[in-house]
Amino acid sequence: MLAPGGRTPVKNLFGKLADGTEIHSWSLENGGTRLKVLSYGGIVQSLEIPDRHGRHANVSLGFDTIEDYVAGSPYFGALIGRYGNRIGDGRFTLDGEACQVGVNDGVNSLHGGAEGFDSRVWDVEPFTAGSDVGLYLYRTSADGEMGYPGTLKVKVTYTLTEHGDWRIDYEATTDKVTVVNLTSHVYWNLAGESGGTIHDHELRIDASHFTPVDSGLIPTGELAEVAGTPFDFRRTKTVGEDIRVAHQQLLYAKGFDHNWVLDKGVTAEPVAVATLRDPSSGRAMTVSTTEPGMQFYSGNFLDATLVGTGGTVYRQGDGLCLETQHFPDSPNKPSFPSTVLRPGQVYRTTTVHSFEH
Ligand code: GLA
């Protein structure tokens with residue numbers, strides 16, 4: 001039985017790629033949350049939640065047309081693979097074999113290379129299960145795609161629960177030893193996607209350490225204490241409070257764009273690690289995950305060149321990402337939790353976004 005507010009996912013034509021491939025949008029709703037997902041990139045095109053007065057707003061940055069996504073999206077709402085965040089020089093060794101993956105961010109590889117999972121077409125199947133509604137997204141990434149070894153079979157499940165939580169379950173298997181680090185790249189603005197800066201949003205991250213980076217945003221390998229730095233979000237503070245502090249790490253990234261080392265580490269079940277709140281609307285979100293890390297990116301590279309879903313221009317800091325993940329450049333950092341996946345193993349991670357209003 002579907003809970004009141006639950007609705008079987010509805011499929012619509014969203015647009016076509018240049019080669020004629022049809023891209024569909026899937027609309028689902030449950031527990032007050034409305035989600036629109038594209039078969040292109042598994043993109044969350046819109047995610048609506050109510051404010052303290054019950055008024056819905058789309059809290060996820062995005063575009064209105066498939067052409068805009070194809071023309072160049074900074075990963076708005078997308079599924080990221082095979083490797084979320086950066087791999088230094090796009091190079092690493094696996095069981096003694098040298099691997100070179102797609103370089104697309106200066107000399108480094110970012111978010112799986114130039115044609116990552118965010119720009120691929122996924123097979124989407126709707127489901128209802130008990131009081132949940134959701135989508136299964138499937139994709140097989142061929143051996144050698146973007147330089148990554150192994151045929152990677154991926155299944156991502158987007159679930160909306162009767163409480164309006166959005167849950168993501170990632171699963172993957174390989175036929176050769178490889179590395180995997182899947183995540184979701186939603187840009188949140190809880191005031192609404194055209195609501196202006198997120199610097200007044202309040203954020204808490206349960207992490208005593210973060211991974212400092214070099215000027216190319218590759219971790220140095222150190223786990224640095226957040227205590228006494230702008231990176232200390234253990235006590236709730238606004239995103240803007242310390243963003244203008246002249247700290248070398250903030251200068252490198254033009255703001256926050258770092259991996260927080262979650263105190264709970266890798267867990268079998270999702271554990272709450274961060275809460276984001278917009279005091280003006282009363283909307284709040286808690287992120288729970290099985291992952292050991294979270295990239296908090298404060299939308300530093302939004303530069304007023306893109307026009308979003310609501311017809312307004314996105315400027316720096318108009319959205320923020322909380323990308324649950326394994327640490328960047330783990331394939332080159334033996335001291336970081338491993339991202340290696342071997343034949344016979346199943347990669348499984350879960351992240352849940354719970355909304356309050
Ligand atoms: C991630 C990266 C950022 C940036 C954005 C997309 O968050 O860490 O450096 O590339 O994606 O613009």
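A: The second largest cavity is lined by Asn85, Arg86, Thr211, Val213, Leu217, Pro219, Asp257, His258, Asn259, Gln295 and Pro328. The model is predicted, so local features need pLDDT of at least 70 and side-chain atom pairs pLDDT 80 or more, while totals for chains, interfaces and linings use all residues. Residues are numbered from 1 along each chain as its sequence is written, and side-chain values use heavy atoms, with hydrogens and water left out.

Cavities and pockets are found on a 1 Å grid over the protein atoms alone: a cavity is a set of points where a 1.4 Å probe fits but cannot get out, a pocket is an open set with protein on both sides within 12 Å along at least five of seven lines, and lining residues have an atom within 4 Å of a point. The second largest cavity holds about 40 Å³ of space, a volume being the space filled by probe spheres set on grid points that are joined across faces, edges and corners. Strand β21 (residues 257-261) gives the largest share of its lining, 3 residues; strands are DSSP runs of E with at least two residues, helices are runs of H or I with at least four, and both are numbered from the N terminus. By class, this lining has 4 nonpolar, 5 polar and 2 charged residues, where Ala, Val, Leu, Ile, Met, Phe, Trp, Tyr, Cys and Pro count as nonpolar, Asp, Glu, Lys and Arg as charged, and the others, Gly among them, as polar.

Asn85, Arg86, Asp257 and Gln295 of this lining are also among the residues around the ligand, where a residue counts if one of its heavy atoms lies within 4 Å. Others around the ligand include Tyr75, Leu110, Tyr187 and Glu323. The shell divides into 5 nonpolar, 4 polar and 3 charged residues.

Asp257 also has a side-chain N or O atom 2.3 Å from an oxygen atom of the ligand. For His185 the distance from a polar side-chain atom to a ligand oxygen is 2.8 Å, and for an N or O atom in the side chain of His111 it is 2.9 Å. The protein covers 94% of the 300 Å² of accessible area that the ligand has on its own (Shrake-Rupley method, 1.4 Å probe).

The ligand sits in the largest pocket, meaning that more than half of its atoms lie within 2 Å of the pocket's grid points. This pocket contains about 530 Å³ of space. Its lining has 32 residues, with Ser73, Pro74, Tyr75, Leu110 and Tyr187 nearest the centre. Two or more lining residues come from each of α1 (66-72) and β24 (293-297), and α1 supplies the largest share, 3 residues. The lining divides into 16 nonpolar, 10 polar and 6 charged residues.

The search of the whole structure finds 2 cavities of 30 Å³ or more. The largest cavity has a volume of about 50 Å³, and its lining includes Trp166, Ile168, Tyr170, Thr351 and His353. β14 contributes the largest share of that lining, 3 residues. The lining has 6 nonpolar, 4 polar and no charged residues.

Key
Polar contact = N/O pair within 3.5 Å; in protein donor to acceptor, adjacent residues only side chain to side chain.
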